[in-house]
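Thanks for making the time this morning. I would like to walk you through one structure, starting with a whole chain and then moving to strands and their partners.

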Amino acid sequence: MEKAEILVELKKNKSAMAGLVIIAMLVALAVIGPWISPYHPLIPDPINRLKGPSWAHLFGTDSLGRDILSRVIYGSRISIIIGLIAVSISLIPGTLLGLLSGFYGRKVDEPIMRTMDIMLAFPAILLAIFITAILGPSLLNTMIAVGIVYIPHYARIVRSSVLSLKEQLFVQAVRSLGGSNLRIIALHIFPNTLPPIIVYATLGMGTAVLQAAALGFLGLGAQPPTPEWGAMLSEGRQYIQNAPHVAAFPGLAIFMLVLGFNLFGDGLRDILDPSLR
Amino acid sequence: MARFISRRLFHLIFILIGVSVLVFLMVRLIPGDPAHLLVGEFASPEDVSRIREKLGLDQSYPYQYYIYVKNLLKGDMGRSIRSNVPVSQEIFVRFLATVELSIAAMIISSCIGILAGVISSARQFSTFDYVSMVMALVGISMPIFWLGLMLMYLFSVKLGLLPLMGRFTMGLDYHSMTGLVLLDGLLTGDFQLFLNALKHLVLPAFTLSTIPMAIIARMTRSSMLEVLSKDYIRTARAKGLSQGAVIFKHALKNAFLPIITVIGLNFGLLLGGAVLTETIFSWPGLGRYVVDSLMARDYPAVQGCILFFSVIMVMVNLVVDILYFYLDPRLRIDGKG
Amino acid sequence: MRRFKMVFMLLTGALVFPAMLFAQTPVKGGTLTWGRGGDSVTLDLAQATDGESIKAGIQVLENLVMFRKDSMDVEPQLATSWEVSKDGLVWTFKLRKGVKFHDGTPFNANAVKVSFDRVIDKTHPFHKYGTWRFPALGLGPVKEVKIIDDYTVTLRTEKPFAPLVANLALWLCPILSPTAIEKFKEDIGRNPVGTGPFKFVRWIKDDQIILERNEDYWGQKPHLDKVILKSIPEVSARFMALQTGAVDIADDLDPDSIQMAKTNPNFKVIERPSVNVGYLAMNTKKPILSNKLVRQAIAHAIDKDTIVKTIFRGLAIPAKSPYPPSIWGYNYKIVDYDFSVQKAKDLLAKAGYPKGFDIELWAMPVSRAYMPEPVKTAELIQSYLAAVGINAKIIRHEWGVYLDKTSKGEHDLCMLGWLGGNADPDNFLYGLLHSDNTKPPAANIAFWQHAEFDKLVKDAQSVFEKAKRSEGYLRAQEIFREEAPWVALVHSTIVRVHNKKLRDVPLRPNGLNSFQMVWKEK
């Protein structure tokens, strides 16, 4: 499919466009955040703690009197970065391993895939907890942990597409013309593995944000007072009864971001890879 | 087939060795001293070093691993550092609680997910289709701990419909035979007990089921759509078979393969999701235990749990593969899997 | 006239009172459900270090002596009387007669010897069945247990050790049935058999512990049929459980939930001043913090009143000394560093940091009675430091790592607290601030060394007269104030929140009580 063609399809796809609009809005918020946020996101104001939504504080205030709207706005940067970095951390090594393992066959394949099997034998969140515990809790380490956990998923997806691509006529043809392995992988196989990876990565952005939030719930996420949405949500659960807005707005924000990426990923999948439909 | 299974079992052994080494190293790589944690912030240095010695933590890693594996081969997973109880016992009681929860969640998510997916595909682009697919997206976008607390607040504090937490009413004079409360209720014909346990299971199981439910619904829908567009379905329709017969007899059977894969893969997700669900609903399961043990650096307990988890995961994958084998005749020929 | 009115009221009160008293006769029966944050680890309290184990275990096990139900004074329990020899080395205990363990084994001198010897005697056959913690705090000083006759034992210590009786009242020195110890071996912790008012029935791990009334109890028999301790790890769920009536008592609630409980007519909130301190230690081994002026500036920068109001919701008092006024020898004359941004800035300028500096502020990852919301406290402190130009970065490690690294002195500023088990100033001053305790793993995590302070505290240890010891401690607190190795933040109030239907709920300053006398309205 040509690029122009993809764009046309994309415009026609309602789900993808809805997702794209949500993502674009959140990205815009992240970029212009510091200029539009009404208050400083970190400075406590204890007298005004746990105030409900009002004109002065549209989303209300948290337990230290900080403006939740401002914190959500600042948090958008953090959550988007978490998604991007965590996905890159799983995507890049995952793709490389998948390519090698699929292309070179048994001797390379066995050790790589068995290692992946070992990683997959850990439930994802436990492996993430392990890695964060070893590295120490910080935002970067959360991203690394969430990223590493999903490496095997990408490796498996890429490997299976490489396995089928390898046998196809055009690859056989290049090989018989004396193309080097590296050339074959880089120019002929890799580009064709992209559609499923892109789809999976888009969906993975949402998963990464949720996993980071779960780590935040266990106290292993970003360091306070970083306005990370997961950490805000988990702090707010104490006030479900007397100040439900503290959890509601960050919860809604996470939901929107994940929803945006999922809608977009779904649309993309319909276009790029109809067989997965 | 036999060759296939034996190959898989060989993998299992390989994976278990890998997992055991990895866990062994990882728990020890995490900074923090189990002995110090055991005695807490009010400990004297002498207490700490005496306990390190007693636990054998002053030995070299290779030696500690050697002892660990030697005991493991004898079926001894060691004793928990915290409670001084054999790890196998600690795991077993909690495992059954987790099994009850995950199986209930699996049943809820499979039933509702498959049904929603089938109806959506049969009436593609209808209102039901849109609503259920949006709901599915909501399902995978919702942080599980938030959902759980909201459900609890709504259904037990505000409405008073369902119990707040736990597996059965506190202090119920009841000794479990199977470790699964629901099953006990059925086996003894104790309807009260069964109902009691069922009521307690609803909220946590539903909370845990949302993510897999959404994934299964989406997968069923797309898989069904693909099958429904095939020639033989058109032929069946042309023959004048009813809509119901076409969908359930012909289409669903053929669309089942990817659905089963997804259900199998999600079992792992359930075990992981149980960590948070169990904490929120005070469910005495393994997910909570492994996190607590990790935080207390209870090395034997963590090692035992992870090893146990991985056996389950590998077994589930094996079962999925075997089902595949039977459902998809093509796999039987090349036998690769 | 007014006086007469009062007398009149008192008189009528005296007439009405017995009637009320009659209405208040305890009702026998009922089940008490008790929601708490975690499960017990072991019910053999000689091996326990965590509050959740002790909470449950002291319902089942008893000691030779025990603290009174609402203070930290010691009274007889399984021993009826005791005396110490003239040289202060040999303690003789007369034991209570006619007491039986829950398994029917009679309580006697042998039971005491077996229970103690398994802990202190490395050659004892039962020694290998346990991981014995804290011997220094418990039976450590005891060198020999001797049976004189069936109801008399003697304990011999190497050196005269005055606090021995208080030690024996701690949870670490329970008397268990020797038959059960032999039968259950290392599993005694899951099958505790004592002499207490409640018998152990069943323990479903991570879920609930069920206890029932000991019908043969030697003292006043308990009113309740059953006590069930239920673990509810999530704090908001614990409060919901109290609201729905699923539990009668909810432990360790967050300060905001306690406020909600106070306004709810169905609940009662009991408060006691505790014997704890929450503090911010300043690592004096770090170049910047080795400067006394900097430490004083930090002390001026922090607004303790707001911390008490906002974080503790009033359930604490601001601290100015390492130990609370509820412990003897407290120096009331000390004037605390007042909250003043200007003074802090001036001191920083004088110290050579007019523009402030960067520093790490370590926050505890777990909540404790002395620090229920450590992260929020750290966030507030961070903002106070920012106001005087100090840029603090909050570091939160997981608990295990936190204890490890702070005891090695890797931190700059770090938050921690202390619960004074035996309510003695020495416990705080020697344990947390003496230079003896600066060797890693250190308990003096300010790594503060001060010759005069050291000497005062050390000298006071060997003095037996309270008044004389006090003198040294009063001066030591002045030095602490001046040198500011910590910012002493708060002494928190301990609370117990329960359903109004429960009556006669006791609360000791350490929060650990037997529920023998508790009863429940029908």
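How many positive and how many negative side chains does chain A have, and how far apart do the centres of the two sets lie? Please keep in mind, before I answer, that this is a predicted model. Chain A has 20 positive side chains and 15 negative ones, and the centres of these two sets lie 3 Å apart.

Staying with chain A, its secondary structure consists of eleven helices and zero strands, and its C-alpha trace spans about 75 × 45 × 30 Å along the principal axes. The chain has 277 residues, of which 56% count as buried, while its accessible surface comes to about 11400 Å², with 69% of that belonging to carbon and sulfur atoms. If we take the contacts between residues at least 6 apart in sequence, 74% of them join residues at least 24 apart.

Let me now turn to chain C, where four strands form an open, antiparallel sheet in the order β4-β5-β7-β6. In that sheet, β4 (79–84) and β6 (142–149) of chain C each have a single partner strand and stand at the edges, so one side of each is left without a neighbour in the sheet. From one strand to the next, the twist averages 20°. The antiparallel pairing of β4(C) with β5 (residues 90–95) of chain C rests on five bridges, and C:Val84 is found opposite C:Trp91 of β5(C). Across β5, β6 and β7 (152–157) of chain C lies helix α3 (residues 109–120), which runs at about 165° to β6(C).

My last topic is strand β18 (residues 486–499) of chain C, which is mostly covered, with twelve of its 14 residues buried. Which strands pair with β18(C), and over how many bridges? Strand β12 (residues 267–273) of chain C pairs with β18(C) in the antiparallel sense over seven bridges, and here C:Pro273 stands opposite C:Thr493. Strand β13 (residues 276–282) of chain C is joined to β18(C) by four bridges, again antiparallel, with C:Ala488 as the bridge partner of C:Tyr279. Three bridges link β14 (residues 316–318) of chain C to β18(C) in the antiparallel sense, and C:Ile317 has C:His491 as its bridge partner there. Finally, strand β11 (residues 249–250) of chain C runs antiparallel to β18(C) and is joined to it by two bridges, with C:Ala250 opposite C:Val497.

Methods: Residues are numbered from 1 along each chain as its sequence is written. Chains are lettered from A and ligands numbered from 1 in the order in which they are written. This is a predicted model: local features need pLDDT of at least 70, side-chain atom pairs count only at pLDDT 80 or more; totals for chains, interfaces and linings use all residues. Side-chain values use heavy atoms; hydrogens and water are left out. Buried means under 20% relative accessible area, exposed over 50%, partly exposed in between (1.4 Å probe, protein chains only). Contact means heavy atoms within 4.5 Å. Accessible areas come from the Shrake-Rupley method with a 1.4 Å probe; for residues, only the protein chains shown count as cover. Lys and Arg count as positive and Asp and Glu as negative; His and the chain ends are not counted. The place of a charge is taken as NZ of Lys, CZ of Arg, CG of Asp or CD of Glu. Two strands pair if DSSP finds at least two bridges between them. Axes are lines fitted to C-alpha atoms, for helices over the stretch in contact, and angles run from 0 to 180 degrees between N-to-C directions.
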